[in-house]
Amino acid sequence: MKKTTTKTRLIWAGITVVVAVYALFPVFSILATSFKEPSDLSNGKLLPTNWSGVNYEQILVGDAQGLFLTSLRNSIGITLISTAIAVVLATLCAYAIARLDFPGKKLVLTTALAVSIFPVISIVTPLFNVWRTIGLYDTWLGLIIPYLSLTLPISIWTLAAFFRQIPWELEQAAQVDGATAWQAFRKAIVPLAAPGVFTTAIIAFFIAWNDFVYGISLTSTEAARPVPAALAFFTGASQFESPTGAISAAAIIVTIPVVLLVLGFQRQIVSGLTQGAVKG
Amino acid sequence: MASITLKNLVKKYDDGFPAVNDISIDIADGEFVILVGPSGCGKSTLLRMIVGLEDITSGDLYIDDKRVNDMAPRDRHLAMVFQNYALYPHLTVFENIAFPLRLAKGKFSEDDVQERVRAAALTLELTDHLDRKPGNLSGGQRQRVAMGRAIVRQADAFLFDEPLSNLDAKLRGQMRAEISQMQRRLATTSVYVTHDQTEAMTLGDRVAVLKKGELQQIASPRELYEQPVNIFVAGFIGSPSMNFLPATAEGNILKTPIGDFEVPAETAATAAGKEIVLLGIRPEYFEDASLVEESKLVHGNAFSAELTHTEWLGNEQYGYIDFDPSPEVKDMLDSLARDLDADELRPQVVVTLDAASRIRGGRVCELWLDTRRLHIFDPATGENLTRDADAGAALTEEANQERAEEIERATREAAEAG
C-alpha cells in the first residue's frame with residue numbers, strides 16, 4: 001500500500017514538474033533575454049554572457065522611454081477604467097439576474113454569452129471604420145468600449161453564479177433584527193458578495209490588460225496605444241539591431257502587475273471561486 | 001411582551017392564489033401558539049406576514065392594539081428564528097448574537113452588549129464557541145446561535161419558522177425541551193411554525209391547524225386530539241393517525257367492514273338519517289379483548305378480526321387489519337389523504353395493543369373497541385358530528401390556566417436563582 005502511494009506521489013511530482021517547466025520556460029527565456037546586451041542577443045545560449053540592465057535602462061530612461069512609459073500609462077488608465085465600469089455594471093446586472101424574476105432574464109444571459117464567444121478579429125475592421133468616422137479612433141474611450149464588450153459578459157456570468165449562492169434569507173434576517181434595507185444589504189450581503197466581486201474584477205483586469213488585437217488596430221499614436229501594442233513599435237539602436245532585448249524587458253515589466261495581483265490576492269481569488277454559504 | 005391579533009388576514013399572490021385566506025387568531029401575551037399543517041397550507045407565509053417579510057393583501061394585524069400592517073420588519077420589534085438559521089457566515093458567534101444590538105445604534109454601550117451577549121451565551125451553553133465562525137459549528141450549535149440572536153434583545157415576540165427541521169431526531173427532542181423551558185422562563189409571546197405534530201403537541205398552549213390557507217381549528221392540543229372539529233384535524237393530529245371506517249347506522253348498531261358495533265344512543269343519533277357516515281377511531285380505542293378488565297367491557301364491543309401483522313415496540317404494539325372499501329369510500333379516503341400530504345390512505349385499520357398481548361398476525365383474534373369515544377364524521381362536509389364544543393372549550397381553558405401557573409412558577413424559580 002505504502003509503495004503505491006510513494007509511486008503515485010512520484011508520478012504526480014513528475015507531471016507537476018513537466019507542466020511547470022512547460023508553462024514557465026518561455027517566461028524564464030524572456031527574463032533571461034531581457035538581461036542580455038544587444039550584441040549578446042543571438043549568441044544561441046539561453047543565459048546572457050553578462051547580466052546587464054541596459055534594456056531596462058533603454059525603455060525606462062533611454063530612447064524608448066517616451067514610447068514605453070506613455071503606453072504604460074495608457075494601459076493602466078484604460079484597463080482600470082474599463083475594469084471599474086465592467087464590475088459596477090456587471091454587479092447590478094448579476095444582482096438583478098440572481099434576485100429578480102423578470103421577462104428577458106434568459107435573453108440577457110444568452111446575449112452576454114453570444115457576445116463573449118464572438119471572434120474579436122471579425123469585428124475589428126468594421127469597428128475601425130466606425131471609430132474613425134465618429135472620432136473615437138485613437139482615444140481612451142475608443143478602447144474602453146470594446147474592452148467592456150470583452151469583460152462584461154464574463155463578469156456577468158461569474159457574478160450571477162456567485163450571487164445565486166448567497167442566502168438571501170440573511171437580508172431578511174437582518175431586517176427582522178432591526179436593519180434598514182440599506183443596512184441589511186451593507187452588513188449582511190456585501191461582506192458575502194465582496195470576494196466574488198473581487199475575483200471578477202481581477203479577471204476583468206487581466207482580460208483588458210492582455211488585449212492586443214484592439215490595442216493595435218484602434219490606435220495610431222501614443223495618445224491611446226497600450227503596452228502590448230506598443231511593444232511592436234520598439235526599434236533597435238540602429239536599423240541593424242533588433243529590439244528583442246527592449247521588448248523582452250517591457251514584457252517582463254507588464255507581467256509584474258499581473259503576477260503581483262495573483263500572488264497577493266491568491267486567497268481572495270480562491271475563496272471567491274470556492275466560498276459557499278453556511279448551510280444548515 | 002405583547003399580544004398579537006390577526007384579523008381576517010388574506011395573502012393573495014399575483015396569480016390570484018390565496019396562500020392565506022381569511023385567518024383570524026388572537027394570541028395572548030405570553031402565549032405559545034403553534035401553526036401546523038401539511039406543506040403548502042400557508043403556515044410559513046402567515047408567519048412571514050406577522051414579521052413583515054410578506055405583504056398583507058387584506059385584513060389587519062395588530063401588535064398590542066397597534067396596527068402594524070404597513071410597518072417595516074425592524075419597527076415591529078419581533079425576533080425570528082429561521083429554518084436554516086440565517087447566521088451571518090462572516091461574523092463570529094459573538095458578533096452574530098450581538099448583531100441586533102449593534103444595529104440599535106446608541107441604545108447599548110459596549111459594556112451592555114458584552115454583558116447581554118455573554119448572558120445569552122451562558123443560557124444557551126455557547127460561551128466556549130463565541131470566537132468561532134458559524135461555518136465551524138454543528139447543527140445544534142448553529143440552532144442555538146440563532147436562538148441567542150433572538151433572545152438577546154428582548155423582543156416583543158419570538159417567531160420560529162420550523163427551527164428544528166434540520167436537526168437529527170435526538171437533538172430535536174433536546175432542543176424542543178430547551179425552547180419550551182426558555183419560553184416559559186421569559187414568558188415571551190411565541191408563534192412557532194412546524195409540520196411536526198410532536199412539536200405542535202408538546203410545545204403549544206394552543207395549536208392552529210391550517211389547510212390550504214384556511215384555519216381549521218385553533219385549540220389546546222388536548223382539545224384538538226379529543227374534540228376535533230372535522231375529519232382533517234382528526235386525521236392530522238395523532239400518530240399513528242385516526243382510522244376512518246365507513247359505517248351505516250341501524251338503530252344503535254353501526255355496521256362497518258370490520259364488524260358491527262353497538263354504540264351509545266347519543267352517538268348513534270348523530271348518524272341517523274344518513275346513508276353512510278365515516279367512523280373515526282383512534283388506534284388506542286382498541287384493545288386485546290382478553291386483557292380488558294371486566295368492569296370496562298360493558299363500555300365497548302368485542303369483535304373478531306384477523307390481523308395481517310403486528311409490530312412490537314416494547315411499551316405497546318400495533319396491529320393492522322385490512323378492509324375492502326367500496327369505490328366511493330375509497331375516493332373519499334384518497335382525497336383526505338391528499339389533503340393530509342400522504343400518498344394514499346391504505347384501507348387498513350391500525351390498532352394499539354398492550355405490549356403483553358399475545359395476538360399475532362394471520363390468526364383470527366378477539367379485539368375490543370371502546371365505543372364511548374368514537375367520532376362520527378359527515379362524509380360530505382367532513383364535519384365532526386359527535387363533537388362536544390363545551391367539553392373542548394373546557395380543555396382549552398384548562399390549558400390556559402396551566403400556562404399561567406407554569407409562567408408564574410418559572411418566574412419565581414428564576415427570581416430565586418437570580
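In chain B, strand β15 and strand β20 (residues 364-370) run antiparallel and are joined by three bridges. Strands here are DSSP E runs of at least two residues, helices are H or I runs of at least four, and both are numbered from the N terminus; two strands pair if DSSP finds at least two bridges between them. One such bridge partner in β20(B) is B:L369, which faces B:F286.

This is a predicted model, in which local features need pLDDT of at least 70 and side-chain atom pairs count only at pLDDT 80 or more, while totals for chains, interfaces and linings use all residues. Residues are numbered from 1 along each chain as its sequence is written, chains are lettered from A in the order in which they are written, and side-chain values use heavy atoms, without hydrogens and water.

**The sheet in chain B**

The two strands belong to an open, antiparallel sheet of three strands in the order β15-β20-β16. Its edge strands, each pairing on one side only, are β15 (286-288) and β16 (300-306). From one strand to the next the twist averages 35 degrees, with axes fitted as lines to C-alpha atoms and angles running from 0 to 180 degrees between N-to-C directions.

**The interface between chains A and B**

The size of an interface is often given as the accessible area lost when the parts come together. Chains B and A bury about 2100 Å² between them, 62% of it on carbon and sulfur atoms; this is accessible area (1.4 Å probe) summed over both parts. The contact (heavy atoms within 4.5 Å) takes 26 residues from chain B and 19 residues from chain A. The count of salt bridges between the two chains is one, where a side-chain nitrogen of Lys or Arg must lie within 4 Å of a carboxyl oxygen of Asp or Glu. On the chain B side, α1 (43-51), β6 (78-81), α2 (93-103) and α4 (139-151) each supply at least two residues.

**Salt bridges**

Over all chains the count comes to 24 salt bridges. Two of them are tabulated below.

| Side chains | N to O distance |
|---|---|
| A:D177 and B:R149 | 3.3 Å |
| B:K43 and B:E162 | 4.0 Å |

**A proline in chain A**

A:P228 lies in helix α10 (residues 227-230) of chain A. Beyond its neighbours within four places in sequence, A:P228 is in contact with A:S75, A:W209, A:D211 and A:F212. A:F212 is 16 residues from A:P228 in sequence and 5.6 Å away in space, C-alpha to C-alpha.

Methods:
Buried area is the accessible area (1.4 Å probe) that two parts lose on being put together, summed over both.
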